[in-house]
Structures are given as C-alpha cells and as structure tokens.
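Subject: Structure handover and salt-bridge notes

Hello,

Here is the structure you asked about. My notes on it follow below.

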Amino acid sequence: MALPVAEWRGRAARLWAALDPALRERLAAASLHDAVRLGCDLLRSEEEEEAALVRLCRRAPTDKRPEAASWYREQGNREFKRGRYQAALILPQLQFLWSLQAASHELPGSPEVSVCFANRSAALLHLGHFEVCLEDIARAESHGYPDKLLPKVLLRKAECLLCLERLQDAQEILRVLETKIALDGVMTTHLTRLKKLSQLKLKLGEKERCPEPARKGHGSIQGEPEIWEENSRISGASSSLSLNFDAERGRHLVASQDIVPGQSLVREEAFVSVLCPGESHPLQDGDTAWDTRATNADLYCHRCLRQLLASVPCQGCSYAKYCSQDCADVAWQQYHRTECSLGALLLTLGVFCHVALRTVLLAGFAEVSRLVMWSHNGDKNLQSPEARCKALSEAPDTGAGSRGIPGCGSNGRYQSSYQALFHLLPHTEQHSPEHKFLCTLSVVAMCKQLQAAGLEAAVLNQESPQQWSKPKTCEKTSDELSPELMVVAEAMLRHVLQLQCNAQAITVMQELGPGDGAVVDKKPVRLATAFFPVLSLLNHSCCPNTSVSFSGTAATVRASQPISSGQEVLHCYGPHWCRMRVAERQQLLSQYFFECRCRACLEELESGVKSVVSIRNSFCCPKCQAQMQGEEDTLCCSNEACATSVSRDHLSGRLQDLQQQIKKALDLLRVGKADQAIKMLLKCQMDAGTFLSPEHLLMGEMEDHLAQVYATLGKWQEAASHLKKSIEIVEMHHGPSSVETGHELFKLAQILFNGFAVSEALSTIQRAEGILSVHFGPQSAQIQELQEMKACLSQLPRNILQRT
C-alpha cells in the first residue's frame, strides 16, 4: 500500500476537518519547511493521535516471537509428512513457508534456527533444488544443528551431491556418515538411514563405473550481445539520446540519431527501492493462530528483489528476508539498522513513507542537509520550470551544470544521484491540502519515533560500525524534534510528495497457478516502488515509443518502434490508448498534474469519434447482435430495423454475472475438475455471444482459459485452436507487435512444442522471439526458453521434421 492504512488516513482527515479555518489556510499554503514545523506543533498537542498510531502498529508486528516460531515449525513438519511439498514451498515451489516463518521468528543464537533450515532443506531436496538445499544444510550446520540429528542431514547432503554429479564430495560425506553411525552405538535407530546409505553407495558406484556422456545444456544458449555506448552527459543513457529542457516539457530526452525497435536507450539501477508487501496467497483453508499467507515479502529479497528459494532472515526482525548473508549485511549497513525496529510503523504508514526514509538514509545526512538548506533560498519559485532553471544556473554550489538543467552536476552531467532525485518536482502547491496534511503528519510521526527510539545518531550517520549491532533503547528525550531531524522530516516530506508523480513501479512476471504445468501462464505484478532519476526524465504518452522492463532493481528502457532523430523519447505512465478511453486516461493522469496532449488523446478528443476501445468492448443487441449505442442509461440497437433498447445497468449486470461464472470455472480447474471447467466455460461463451461484441476482450480471455484447460488435459490441438482465437482478439486491441501479443505467442509456442507440431511451433517461436526481444531484450528468460525449444526441435531427425 503506497499510502498509510485506512484508519490513519481517516484520523488525519478528521483532524484536518476539526482545525481552525485560519490554520488550515496556513497549512495549505505552507512551504515544506513550514509544513513540518506546523505538523510538529499539531502532533505535540494531539497525544491521542500518537497513541492511535501505536495501536495501529500492533496490527502489523514485525518483532520476533518464539511462540510463533514453534507453531510454524510444527505446522511445517505436519505438512511435510503428508508429502505436501508444493504447499510447504510457496507458490510456485518457492519456499518452505513454515520453516521460513519459523526461522524469521527465532531469536538470534537460538539452536532451533538450525532445525528450521534443516527442515526447509528437506522440502528443497524433494523439489529438485539441490544447490539451494546444500546452502540450507550449510546454514543448519553453522547454526549448531543437534549432533544426534546430524546423520539424516548428512544423508540429504550426500543425495544432493550425487544428483549434482559431485561424486568425490558425495563419497566423502558417505564415509563421514558411516563413521558417525558406527560411533553412535545404537544401530537400531539408524536402520532406515543405513538402508538409504547402502542405496546411495550403490548409485554412486554405478555412476563411477558408467559416467554419463556430457550433455549440452540448453540453458547455456545466449542471445546476441547488445551494442551499448553510454552517453557522456547522462549516466545510464545511450549515446543516441540528448537531454533537453524547456518550460512546457521540463527535462526530457530526445533522440540524437535514428533509433531502431529493440535498441536499449536507458539502463539504470534504482537509487532506492522498497519491496511492496504484495498480494497474499492463502495456502490452506480456515483461520489459524498465525498468518499462513505467502506475500511478495516472503518471495523476494528485500534488498536486491531477487526471487527467493531459501531466504536468510534478519536477525533483528521477523519481516526482512534476503537472498544471501551478503545482501543482509549490505542492507543492514546502508539502512536496515535504522529500519529494523520500525517495521510495524513502516508497514502502517505505507510504502511511500518507507521509500522517503530509505532515500535519506542512502543519501546521507550531509548531502540531504546541503540540498534542503539550498532549497530554502527559493523553494516557492522553484515550482515554476523557468524559475528553477534560472535559479539553478545562477547557483554553482548546487552543482547545476553550464546548461542550466536542474539536477546536472558541475560538469554538466546528469547522473542517477540524490541531487538529481532531489530536483524532481514535489508539486507542493498542486497537491490537495488534505493529502499534503496526511503526508506531513505521517512524516513527522516517523521522525518522532526515530528520536524516541534512540535512532537519531544512526540517521545522521554519527554512529560507529561497532554500535550497529547493539539493541536500541527507547529514550524519548523531548517532544520537540531536534533541528537535524526537522531537516530529515522536510526532505522526507519532499520525497513523499514527489513519489505521486515520480514513483516507478518495478514489476515482475509472476506465474499463475501451481507452475507445474506444461504451459505456464504469467501476469505482471507490482513488486516494488522505486526512484529512478534518469528514467524519470521520460515524459508520458498514451501511445509511447518505448517499453520498460526490470531485472531485480535495474530498469531497461528499449525503443518499441522506430524513433527518428529529433523525436522525443516517451514512456507510458499507465493509461495506454488501447486499454482505456480518453476520458478514463485523463482522469488517471490527473494525479500527475498535467493534461495529456499526446497524439492519441488529441485525435480522440478533437475528432469526436468513439474510441476503438469503446467499440471493441461494446455490448451487442441481444436480438440481432448489432452494436448497441448511446451514452445514456438506455442503449439502443444500431440496426434501425431492429430498434431494440436495453438498460445499460441490465447489460452491466449480465457482464458481472458472466465474470463470476468464469471465475467459478477457473476454480474448478484449480481443484482438478477440468471436464467441468470446460463445460462451464463453453456455456459462458454461448451466453457472452448474445450480448457482447465478438471483439470484446472478455471473449478473448475465455478462449485463453479454454486453451489453458485443454492444455492441462494434454489436448494440444484443441488448446492451440482456442489460443489462436485469443491471439486474434489481443492483436485487435493491442497491436500485432505489442508485448501482450508477444506473451500470447509465447504460450502458443509452448502448446505447439508440447503437441509436437514442429513446423508451426518453429514459426511461432520465431515470431514470439521477434516481439519479446524488442520489449525485453535477447537475454530475457522468455527468449532463452524460446531458444531452448527451438534448439530441441531443430535436433529432431530429419524424417520427423519433414512430416510435421
């Protein structure tokens, strides 16, 4: 959640409404500096609000609870004994949730942590994640795994090494295991392990006598390396771009030469990113004593956003999890030593507040203070682009370059730096007074908590490394914020307000369903919120000429169509012309404080012609299937000979009922009732045909769902037939070279590959490659998988290729 929880937003709204009108007027017109000061005065007199915030934080505890660890450990053992490895490892096959949660709640130094790692390694072995299983076994051993339980872990280690063809290492572990069992003295307790041991030794002997021939791994296939020359004046940007500035468009990027589709234009690491908690996936029915849901916070590293198989928990809180000890150590040094004890408060106040805090922690107090003090020279004037340009060019100590472009360094270079980030517009005067008040209260409450928890020295970078691991003491010295924390609060407020217009959602393609089928369906999911100073230079268009993809915390911008020299490079902020009508787009874009005048909006507004989106997603006449028309509550058939009229509400109700029936059909598929799912989807299709346009997106979605069900049954020809119909509709809406069409073609390639339709599969793979490489580059996971399929099909005997 970007903003604070609903209860805190409600309290802020009530407090705002109760303020004296004169004070509301002062707050509405206040500079960032004055807003923070007034916010401090208000919270000091409103102790009830602070107490309410403390109560709200108790709903999102992030401290370690040994009793929770015990519950999760027992639950994990129970699920594992039932063989529910898929449930024990989070969707899809990602983590042994129960052991993960148990390890997250165990106190540092507790011997039970080793048991949690060992339990998780058992599930990883069963799912074939051998390297990660070995990592968890090593963690269990380093955390003091009980000596009496060591034989079963050593067996597991030997089995992993055997599967990884590390025969010498496996042999050494088996010798250690034999010695361990012999020294134990009570052989009856190890009968099962001895049997397993003899089986492993037999397998090892067979592998040593008959080594397998070296196999060519398709995973080693690499695409052509991309040509890249970095811009000398814009960090992370291609040399084919130039940075311009004018009053109307502000800072923006322009092509300095002709650019071809697929060409990389920007490669930038986020200055700061914060993982969004994300959507929850219940793993079992019924309520339990503790949270049994898996979220993005469990599935991805909290620092680098790498997908997790076996996480390293923070030693101080139960929330933060990392892909490695190195990531955990770097996060602790850079910011988590401050954030660790504030987890509940950060979750309560929302991701924007969290990003703002982490931004100032990463920038360092010296740089934050320097820029905040400079901004006091004319913060109000800097709301105007012309004034900002003039003020910055006249102030060399701010680092403005000779070209006078805000955020450039003294050498005229625009870098992905805190200085560039600081100069993003906060739009202080455009935000609603109520929103500005909510943000002010939240930031001040955060800084007061920092002071009360004794974290001020860490925030101001005055703490030595030797103190980082010491527990914090809650020593509230004063109701007044220190002058230094007032500066921090002002910077944080600036960043929270900037985020509404400049936050970038880092997205990832996440698998739908269990992920163990022959055809994998994916959807884009918001993973994190970040600041990208260079990416923020791109202005919006509803018909953009670029595509943005992410790998961890890095963003890559590629040209999605030819861009001529002198043409502006444009990015879509969300509302795309082929996904919604102009009125809906303009409404969504109002949060950015500009009116979109892109080509798509102007054509739709000036022509007065009904948008393609409206036409294709329209209702049709229940009697003659002609298009229904009208903007009022009653729609009329466009066929004059028919002249049927129907209530818009009635047709909308039918659409909602249809969507519910489709959801039920997918639920049937999830529980293995594919035949019933097909019957229900076919019935939905017949019903939809009586009142929806044949080009309606939902018609395409139903074809896609039918393809999914037939693929589950291994009926590849039927699956391909339905998916082709879905692709036709997707192409109508999004275009033949769109990323949406690319994803659909990727699924069709999987179906044709599994159905052994070699010739058609190869041509589909080629087309999918062409589209997806433009949007994601030749090194992306989907391109690699397509190349693996192509290589596999190309190695088939010639007589088979000729027949298919």
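Glu604 is buried, at a relative accessible area of 17%, the cut-off for buried being under 20%. Please keep in mind that this is a predicted model.

The partner of Glu604 is Arg585: the two form a salt bridge in which the closest N and O atoms are 3.5 Å apart. Glu604 sits in helix H25 (residues 599-607) and Arg585 in helix H24 (residues 582-589), so the bridge ties together parts that are 19 residues apart in sequence. Arg585 is buried as well, with a relative accessible area of 0%.

In total, the structure holds 27 salt bridges. Some further ones are described here.

Lys321 and Asp298 form a salt bridge, with 3.4 Å between the closest N and O atoms. Since Lys321 belongs to strand S8 (residues 321-322) and Asp298 to helix H14 (residues 296-299), this pair ties together parts 23 residues apart in sequence. Both Lys321 and Asp298 are buried.

Glu141 and Lys157 also meet through their side chains in a salt bridge, at 3.6 Å from N to O. This pair links distant parts of the chain, with Glu141 in helix H10 (residues 130-142) and Lys157 in helix H11 (residues 150-163), 16 residues apart. Glu141 has 31% relative accessibility and therefore counts as partly exposed.

Regards

Notes: Residues are numbered from 1 along each chain as its sequence is written. This is a predicted model: local features need pLDDT of at least 70, side-chain atom pairs count only at pLDDT 80 or more; totals for chains, interfaces and linings use all residues. Side-chain values use heavy atoms; hydrogens and water are left out. A salt bridge is a side-chain nitrogen of Lys or Arg within 4 Å of a carboxyl oxygen of Asp or Glu. Helices (H or I, at least four residues) and strands (E, at least two) are DSSP runs, numbered from the N terminus. Buried means under 20% relative accessible area, exposed over 50%, partly exposed in between (1.4 Å probe, protein chains only).
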